[in-house]
Amino acid sequence: MKSEWLHKSANEKCILFMNGWGCDANPFQSINSKEYDVLMCFDYRDLLIPKQVERLFENYQEVHLVAWSLGVYVANMLYLQWKDLFASKIAINGTLQAIDNLKGIPPAIFQGTINGLNSRTIEKFWLRMCGGKIGFDRFKMQIPQRNIEDQKEELIVLQELVQNHFIDWNVYDSVLLGQNDLIFPFENLENAWREQKNIIKMENTPHFCFYSWNSWDDLMEECKSAASKY
């Protein structure tokens, strides 16, 4: 697993962001943060937790876990023992049953993505991920700097991980679901989180939903506001 600081300015609060498949820090460079330092993890071809992550609780008064897409599954796998140390744990457009006909990405679609992955089909994936041309045109300006071979390796590793591990725990206290998600079917997202208390359903929001906020601060404020209702 790789890690990279998106923002680091001696704040007392930090966001540990678990990215989705195939990505890196590049698409998030334009999203600012004043109140939080942001450490991003990505590339799950191995699941060794970086030293930077292990030191977060020593260096910050508050550490918040934010996980997106397949990063939701990975973070739930890795951080159960740290569950009570995080100030909040937020899942965005992902599930604990990441490959599943009813509560995740249907297995046939997941396998089809692996089988057909190339430089042309991944552009189609990004287009769907961004919800159409408008979002994709912005995303293209900050496209992930990954090669197709390691993206395919990562997808295969994630498939094996999900298929070989039974998950019966949930570290998250808040969930954000985009109603226009074309990667995880929205009905499956709803099925997966049916018993979750703090759910924010975002209208007209695609799988890659981060252009919905001007900053990480705004994202965290929306989650805090929703959590206060429960």
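**Entry 1: pockets**

I began with the lining of the largest pocket, whose residues divide into 14 nonpolar, six polar and three charged. I am working from a predicted model. The volume of this largest pocket is about 410 Å³. I then asked which residues lie closest to its centre. Out of 23 lining residues, they are Ile109, Thr113, Phe125, Arg128 and Ile183. Two elements, H4 and helix H5 (119-129), each give two or more residues to the lining. H5 gives the most, with five residues.

Next I looked up the second largest pocket. Its volume is about 220 Å³. I found 13 residues in the lining, and nearest the centre are Leu96, Gln97, Asn170, Ala192 and Glu195. By class, I noted five nonpolar, four polar and four charged residues in this lining.

**Entry 2: helix H3**

I turned to helix H3, which covers residues 70-78. How many of its residues are buried? Nine of the nine are, so the helix is largely enclosed by the rest of the structure. I wrote down the names: Leu70, Gly71, Val72, Tyr73, Val74, Ala75, Asn76, Met77 and Leu78.

What do these buried residues pack against? I found three strands on the list: E2 (13-18), E4 (62-68) and E5 (88-92). Helix H4 (107-115) and helix H7 (148-163) are on it too.

**Entry 3: the core**

I looked up the largest nonpolar core, which has 81 residues. Those with the most contacts inside it are Leu16, Phe17, Met18, Phe28, Tyr79, Tyr172 and Phe210. H3 gives the most to this core, with seven residues.

I picked Met18 and checked what it touches, leaving out residues up to four places away in sequence. Among its contacts are Gly71, Val74, Ala75 and Leu78, and these four are also on my list of buried H3 residues. Met18 also touches Met1, Cys41, Tyr44 and Trp68, to name some others.

**Entry 4: two positive phi angles**

Most residues other than glycine have a negative phi. Ser69 has a positive phi of about 60°, although it is not a glycine. Where is Ser69? It sits in the loop between E4 and H3. Its relative accessible area is 7%, which is under the 20% cut-off, so Ser69 counts as buried.

Asn93 is another such case, with a positive phi near 45°. I located Asn93 in the loop between E5 and H4. Is Asn93 buried or exposed? It is buried, with a relative accessible area of 0%.

I checked the pairing of strand E6 (residues 174-178) with E7. Four bridges join them, and the two strands run parallel. In E7, Met202 is the bridge partner of Gly178. Which residues of E7 make up its covered face? They are Ile200 and Met202, whereas Ile199 and Lys201 form the uncovered face.

My last stop was Glu203. This residue lies in the loop between strand E7 (199-202) and helix H9 (216-227). Why does Glu203 count as exposed? Its relative accessible area is 59%, and the cut-off for exposed is over 50%. I also took the C-alpha separation of Glu203 and Asp181, which is 10.0 Å. Along the chain, this pair is 22 residues apart.

Methods:
Residues numbered from 1 in each chain as written. Predicted model: local features only at pLDDT ≥ 70, side-chain atom pairs only at ≥ 80, totals over all residues. Heavy atoms only, no water. Buried < 20%, exposed > 50% of the residue type's maximum accessible area, 1.4 Å probe, protein only. Contact = heavy atoms within 4.5 Å. 1 Å grid on protein atoms, 1.4 Å probe; cavity = no way out; pocket = protein on both sides within 12 Å on 5 of 7 lines; lining within 4 Å. Points joined across faces, edges and corners; volume = space filled by probe spheres on them. Nonpolar A, V, L, I, M, F, W, Y, C, P; charged D, E, K, R; others polar. Core = buried A, V, L, I, M, F, W, Y, C linked by side-chain atoms within 4.5 Å. Pairing = 2+ DSSP bridges.
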